[in-house]
Amino acid sequence: MSDETDVEPRDSYIDVPVKHPLQHCWTLWYHQNDKNVAWEMSQREIASFQTVEDFWMLYNHIKPASELKHGSDYAVFRKGIRPMWEDPANRNGGRWLINLDRKQRSGELDRYWLDIMLYLVGEEFEMSKEICGAVVNSRYRGDKIAVWTTDASNSEAVLGIGRKLRDRLHIPLRNLLGYQVHRDVMDRSGSGLKYTYIM
Ligand code: MGP
C-alpha cells in the first residue's frame, strides 16, 4: 500500500504568484529643486524594480508627472546609472528632448511619460542598449520629457530612437523633438543651445 501522505497535492503550488521579470532592473529617482543644495545632492533614489508587477505597483503609488510641483523631476534609469551628466554612462551621451506647452500638462504629459517608461523597461527600441533612462521635468514655463542615450556619436542609434519616439508617441509637429549632446548643455553660455538633430 502506498503512503498517501507523501504525495504532494497536485495544485499546491499553483497559487504562488509568478511575477514577470524585466530584462533589466530600473530605478526611479526624484529631484526637487532646492537652491540651497547642490543639484546632485537633491537627487533621491526612490525605488528599484525588476518585474512588470513591481513597476505598476510603484507607478500606482506615486503622483503622476502632471501633479509634480514645478521645479521637480522624475527620472527612470537603468539601475547603477545616476540620472546626471557626470555618470560614466551619460558622460558622452545626449538626450532626445520633447518640449511641451503648458496646455499639454493635462493630457499629453502623463501619456507620453507612461508610454516612454513602458518602451524603456520593455526594451522596445531596437537599439535599447543605447538608452540609459528618461527624465520628466515639471516646469511652469512648459514641461519637458527626455530620453537619454549613452553615445551621442552613434548617429544610427540616436536617429533610430528619435524616429521611434516621434512615430510611437504621435507627437504633434508643433512640439519640437530635438537631440542635445550633454556636453553642449553643460557648456552652454547664454540662452541659445543648438540641437544636433531635429525631428
Ligand atoms: P534642468 O533641470 O535640466 O532644466 O537644468 P531647467 O530647470 O528647465 O533649466 P534650463 O537651464 O534647462 O532652462 C537646470 C540646472 O540644473 C542646470 O543648469 C544645472 O545647473 C543643473 N543640472 C541639470 N542637470 C541635468 C544636471 C546634471 O546632470 N548634473 C549637474 N551637475 N547639474 C545638472
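# Exercises on cores, cavities and a pocket

The largest cavity in this structure has a volume of about 40 Å³. The model is a predicted one, in which local features need pLDDT of at least 70 and side-chain atom pairs count only at pLDDT 80 or more, while totals for chains, interfaces and linings use all residues. Residues are numbered from 1 along each chain as its sequence is written, and side-chain values use heavy atoms, with hydrogens and water left out.

**Exercise 1.** Find which residues line the largest cavity, and state how they divide by class.

*Solution.* Begin with the term: on a 1 Å grid over the protein atoms alone, a cavity is a set of points where a 1.4 Å probe fits but cannot get out, and lining residues have an atom within 4 Å of a point. Grid points are joined across faces, edges and corners, and the volume is the space filled by probe spheres set on the points. Next, list the lining, which is made up of Leu28, Phe49, Phe55, Leu58, Tyr59, Ile62, Val76 and Met117. Helix 1 (residues 52-61) gives the largest share, three residues, where helices (H or I, at least four residues) and strands (E, at least two) are DSSP runs numbered from the N terminus. Finally, sort by class, with Ala, Val, Leu, Ile, Met, Phe, Trp, Tyr, Cys and Pro as nonpolar, Asp, Glu, Lys and Arg as charged, and the others, Gly among them, as polar; the result is eight nonpolar, no polar and no charged residues.

**Exercise 2.** Describe the lining of the second largest cavity.

*Solution.* This cavity, of about 30 Å³, is lined by Tyr59, Ile62, Lys63, Pro64, Ala65, Tyr74, Trp113 and Met117. By class, seven of these residues are nonpolar, none is polar and one is charged.

**Exercise 3.** Identify the residues with the most contacts inside the largest nonpolar core, and then follow the contacts of Ile145.

*Solution.* A nonpolar core is a set of buried Ala, Val, Leu, Ile, Met, Phe, Trp, Tyr and Cys residues joined through side-chain atoms within 4.5 Å, and buried means under 20% relative accessible area, with exposed over 50% and partly exposed in between (1.4 Å probe, protein chains only). The largest core has 38 residues, and those with the most contacts inside it are Phe49, Ile98, Trp113, Ile116, Ile145, Leu165 and Leu169. Helix 2 (residues 108-121) supplies the largest share of this core, nine residues. Turning to Ile145, and leaving aside neighbours within four places in sequence, we find it in contact (heavy atoms within 4.5 Å) with residues including Trp96, Leu109, Tyr112 and Val135.

**Exercise 4.** Work out which residues are closest to the centre of the largest pocket, and examine Asn137.

*Solution.* A pocket is an open set of grid points with protein on both sides within 12 Å along at least five of seven lines, and the largest has a volume of about 680 Å³. Of its 29 lining residues, Trp85, Arg95, Asn137, Lys144 and Arg188 are the closest to its centre. The lining has 12 nonpolar, nine polar and eight charged residues. Asn137 is found in strand 5 and counts as buried because its relative accessible area is 8%. Not counting residues up to four places away in sequence, Asn137 touches Ser72, Asp73, Arg95, Asp143 and Lys144.

**Exercise 5.** Decide whether Glu123 and His170 are buried or exposed.

*Solution.* Glu123, in the loop between helix 2 and strand 5, has a positive phi of about 50° although it is not a glycine, and it counts as buried because its relative accessibility is 12%. His170, in the loop between helix 3 (155-169) and strand 7 (177-181), has a positive phi near 55°, and it counts as exposed because its relative accessibility is 61%.
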